[in-house]
Amino acid sequence: MRRTTAFAAGLLLLATALGTGGGPVAAADPTAPVTVTVNTRAGLATVPATALGVNHAIWDAQLGSAETSDLLKAAGVKMLRYPGGSYADIYHWETHTAPGGYVAPNTDFDTFMAGARRVGAEPMIIANYGTGTPAEAAAWVRYANVTKGYGAKWWTVGNENYGNGHYGSAWEADDHPDKSASQYARLVIEYADAMKAVDPSIKVGAVLTMPGNWPDGITAGSDPGPWNQTVLSLAGPKIDFVDVHWYPGGSAADSLARTSHLPDAAWLLRQQIARYAGPGADRIGISFTELNVDAGRTTAPGALFLADAYSGLLEQGVFTVQWWNVHNGIGTVSEVAGQTDYGDFGMLSSGNCTSDGEVCQPAFNTPFAPYHALSMMNLFARPGDQLVRAGTDEPLVAAHAVRRPDGSVAVLLLNKDPDTAYPVALDYAGFTPADEAPTVHTFANGATGISTARSGDATARTLPPYSLTTLVLRPAGSPAGRPGAPGRPTASAVTDRAATISWPAATPGASPIAKYEVHRQNGAVSEQLGETAGTSLTVGNLEPGARYTVNVLARDTAGRVSWSSPPLTFATGSPAESSCAVRFNDDNDWGNGYVANIEVINTGAKALDGWTLTWTWPTAWQQVSSGWSATWNQQGRDVRVTPTDDNRRLAAGGGSTTVGFVGAYSGPNVPPGAFRLNGTVCTLR
């Protein structure tokens, strides 16, 4: 684990007068109900059995105790990571030692496994990369799965190994003379080969970094590219999943707002896997095995972040999300929204005191707020549920939803405002709730547990400040007789304006299937793109360089509609032929900014005497800080570039000019998908 934020050295950017329109988001009038839309036609990922996880550490003498294990079981924990963050890279399992670190009694591997079995959780084990060897890791697999028969399936090679000094900051142990990303990737191959020679059924993962977080985008030494690109390019064919950590940092408000980064981060991560990991890269899963916040770790901000981040990542198809950690110890004590925050990364109290003895935590194993948030996740999203789109019109109110196999729907509502209660009005698409009081689970600021009752109705609720609320709603009618959901769609023949969507046929219910409908997710609203009696549809009138998420629904001859298919996300390209072309190069990235060069090419038959290049950033956290060889202007997410006197003329048939800018980003740096020259969409080269 990395306990402090590492910043890349490089150019410091000043967000200057380019009209970015940034600033704090004002809250809406709290007397007007917040609109919450739940759209069961817009299906997302299905909740996996390993979804809810947490970290154990070998400095915690209670990691295998019955009391601790029973608390984790009650919270719904289904995956436990061992032996604990950065300690993994100094830990030798056979001697149960960690030179340079503290190893508590009763924390050996067999004790951990006994605790995991009591919890009912699968283990995720970190093989020692920093000071270990492939042979040592293979011997651990042999002991675990051959000698002891534990059936330990998930194994990661190392922990945060990009923090070994290769990019300047060093917190992770690494005894290898060559600390490059290339060397890590080469050794991942050796580890995977040695470990799978013992047990071919295991899954081996490699460490990547979160897109938009240091050292993403930075190339060091002789590596062919940044960490993720290098590791995937070399080790991609040998791994089964990638392992990522995320500590968003900042104030409580900052961390709670940054959960909006997750869809773009997951998209970029999957793009990197698809581009660099070789054939069959779609088999590679994603785990997020460390998350926590800087402010409000044991109080409401930590709880709200946990629930929002776990939900957001599971919506994107991550197979496990794991909090850092079970017990950690008191840190910097503060007051957050009227509650004592102990600055403890653990979700259960360690029962210790500050060094001066002035402040002590509550009794050992007292649950902190994030523990209750994990328990709320267990009430909200169960294995086999399908997450569906939910959205609100208020930035401080978040919503997530699942559709359960029995036809019921659960809605998780988060109020991220520490001071204001928000009334909400809920609207449902593709689902009609029963005319009865729903089951309501609530965790409010300062509460010592989750309260549960049947109250109110399905369409209105008031959310207390800094609170989590889950509504469980039964359907008005029976789902019996409806067709099964279509299978996972795929996209082919994708151009700038069209794509062919295909899917496995649905299983008929009580009546034959009449047709299939293809719906695009537009926020929490679905837009039908077309319908067909077959299992393939070409959709047109798409926007160039845009990202689309679609679902397929089956409708039978009696009008019954299936649940939605799994989602498909794809991006359109640029036109194959155009009167202009653009080359966009992101050079010299330092983790939160970069230098970019854009070559503007007139491929048309007429010379241009004056031109305007425009594009729209995919996110609100990207900007042009300064530029050269042109006049640069950014309003909101829209960028406008006009020439200087010496490059305003572009000759016909290939006349070009190159302009440049310094870019900045504070989240996933998604490249622009489309450029327009004098209003014409250009070919992206």
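Predicted model: local features only at pLDDT ≥ 70, side-chain atom pairs only at ≥ 80, totals over all residues.

Q: How do you know that the span of α3 agrees with its number of residues?
A: α3 has 14 residues, and at 1.5 Å a residue they should span 20 Å. The end C-alpha atoms of α3 are 18 Å apart, which agrees.

Q: Why is α3 called roughly parallel to α4?
A: The axes of α3 (residues 134-147) and α4 (residues 181-198) cross at roughly 25° and come within 8 Å. Angles under 35 degrees count as roughly parallel, so α3 is roughly parallel to α4. Their crossing is right-handed.

Q: Which residues make the contact of α3 with α4?
A: From α3 they include Ala137, Val141 and Val146, and from α4 they include Tyr191, Ala194 and Met195. By class, this contact has 9 nonpolar, no polar and 2 charged residues.

Q: Which residues of α3 are buried, and what do they pack against?
A: Among the buried ones are Trp140, Ala144 and Asn145. The buried residues of α3 pack against β3, α2, β4, β5 and α4.

Q: Why is α1 called oblique to α2?
A: α1 (residues 66-74) and α2 pack at an angle of about 40°, with their axes 8 Å apart. Roughly parallel needs an angle under 35 degrees and roughly perpendicular needs 65 to 115, so α1 is oblique to α2.

Q: Where do α1 and α2 meet?
A: Ala66, Ser69, Asp70, Leu72 and Lys73 of α1 meet Gly115, Arg118 and Val119 of α2. That contact divides into 3 nonpolar, 2 polar and 3 charged residues.

Definitions and conventions. Residues numbered from 1 in each chain as written. Heavy atoms only, no water. Axes fitted to C-alpha atoms, helices over the stretch in contact; angles between N-to-C directions. Helix = DSSP H or I, 4+ residues; strand = E, 2+ residues; numbered from the N terminus. Parallel < 35°, antiparallel > 145°, perpendicular 65-115°, else oblique. Left-handed = near helix turned anticlockwise from the far one by under 90°. Contact = heavy atoms within 4.5 Å. Nonpolar A, V, L, I, M, F, W, Y, C, P; charged D, E, K, R; others polar. Expected span 1.5 Å × (residues − 1). Buried < 20%, exposed > 50% of the residue type's maximum accessible area, 1.4 Å probe, protein only.
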